[in-house]
Amino acid sequence: MAFLTALESVLSIILIIALGFYLRRQGWFADSFAANLSKLIMNIAMPASIFISVLTYLSRDKLLALSDGLFYGVVSVVIGYVLSWLMVKVLRVRPGRRGVFINTIVNANTIFIGLPLNIALFGDLSMPYFLVYYVLNTVSTWAFGALLIARDSSEAQPNAQKQAFNWKKLFPAPLIGFLISLIFLLGDIPVPGFIHSSLQYVGATVTPLSLIYIGITLCDAGLNSIRFDKDTLAALFGKFVLSPLVMFALIMLGQHWLPLPSIEAKTLIVQSSVSALAVLPILANEAKGDVRFATNVVTTSTILFMIVVPIVDALLQLMP
C-alpha cells in the first residue's frame, strides 16, 4: 500500500517534469520564460498557497493541542540544520550549493508527497499530527531555509554588495504570506469568499509550475546532467537516513518523559523522510545559485523516494 501510494505520487511528479521538458524541447517556451515563471511562483503563487493552507488546515486550538509533537519536530529540525551545516563544512560543498544542500536534508515536500502518503499509511486520524510537521516545515523553509539559499550565490559579488543588507532576502514573499496568515488565524479575521477563492486558485499552481520549471531546467542542462556526485549523494544520505534517524532517536529517547501517540510518532518519522522541496530550483535561481544542482537533488530524491518508503514503512512496523 505504501509503495503504491509513493509510486503514484512520484509518477505524477515525473510526468509533470517530463511535460515541462518536452514543451521546452518543442520550442513552446522562450529563453526568458523560466526566469519569469520563477518570479511568478516566488512572489505571487507561493505566498497565496501558504496563506490558504494555514487558514484551511490550522486553528488556534490545534496549535495548542499538538504542542508535544511540535517540540520533537523543532528539536529535530534544529539538529538537522546543525548536522547539515557540519556536512557542508566537512565535505567542502561549494558556494551556490550550500543552502540547497542544507534545505534538502532538513525540509520536505510535505503537501504534494507527504500528505497523500500519510493518509494512505495512517488514515484521516493522522491529519492533526501531519499538520504539526506541515507548520514546522513551512516555518523552517521560509523563515530560515530560504534565507540560507538567498545568501548563497555562486556568483562572485563586490564587497560593497556583500555588506549591503537586503530586506527582501530577510522577508521573502512566501514568509510574508505566512506571517499575514498567522495574523488572520490568531485574530480570527474572516477572509471574504471571493478573495479566498482567488488565492486558492493561484496558490494551487505552485507545485505544477515548479515541476514544469524543473523540466525546463533539465531540458536546458540535458538529461546527462542528472548525476550522483559527492554533494548529491551526501544530500540524499542526509535526507533519507540522517533526518528520519534523528526524529526516531528523539522520540525513542523522550518516550518516558514526553510520550506521543503511536500514530503521531510514526507520522513525524515518515514526514521527516519525504523527498526534497520542489521549489528548491526556484529558490536557487532567485539567489543566482547552482540551479542544476538543485534540480538534480529534487529529481533524484523524488525518484529514490519510491525505494525509501517501503523501507521506512517496514521499520515502523517494529515500533510499539
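Q: How far apart are the end C-alpha atoms of helix 12 (residues 206-221), and what span should its 16 residues have?
A: Helices here are DSSP runs (H or I, at least four residues), numbered from the N terminus. The expected span is 1.5 Å times one less than the number of residues, which for the 16 residues of helix 12 gives 22 Å. The end C-alpha atoms agree with that, as they are 22 Å apart.

Q: What kind of model is this, and how are residues numbered?
A: Residues count from 1 along each chain as its sequence is written, and side-chain values use heavy atoms, leaving out hydrogens and water. Local features need pLDDT of at least 70 and side-chain atom pairs count only at pLDDT 80 or more, while totals for chains, interfaces and linings use all residues, since this is a predicted model.

Q: How many residues of helix 12 are buried?
A: Buried means under 20% relative accessible area, with a 1.4 Å probe and protein chains only. Helix 12 is largely enclosed by the rest of the structure, because the buried residues number 14 of the 16.

Q: Which residue just after helix 12 takes a positive phi?
A: Let's look at the end of this helix. The phi there is about 95°, and the residue is Gly-222.

Q: Which residues of helix 7 meet helix 2?
A: Contact means heavy atoms within 4.5 Å. From helix 2 come Met-42, Met-46, Ile-50, Ser-53, Val-54 and Tyr-57, and they meet Met-127, Leu-131, Tyr-134, Thr-138 and Trp-142 of helix 7.

Q: Is helix 5 roughly parallel or roughly antiparallel to helix 16?
A: The axes of helix 5 (residues 98-106) and helix 16 (residues 291-316) come within 9 Å and cross at roughly 15°. That angle makes helix 5 and helix 16 roughly parallel.

Q: Which residues of helix 16 make the contact with helix 5?
A: On the helix 5 side are Val-100, Phe-101 and Thr-104. Their partners in helix 16 are Phe-293, Ala-294 and Val-297.

Q: How many residues of helix 5 are buried?
A: Among the elements covering its buried residues are helix 4 (67-91), helix 7 and helix 13 (230-254). Helix 5 is mostly covered, and of its 9 residues the number buried is 8.

Technical notes:
Helices (H or I, at least four residues) and strands (E, at least two) are DSSP runs, numbered from the N terminus. Buried means under 20% relative accessible area, exposed over 50%, partly exposed in between (1.4 Å probe, protein chains only). Axes are lines fitted to C-alpha atoms, for helices over the stretch in contact, and angles run from 0 to 180 degrees between N-to-C directions. Angles under 35 degrees count as roughly parallel, over 145 as roughly antiparallel, 65 to 115 as roughly perpendicular and the rest as oblique.
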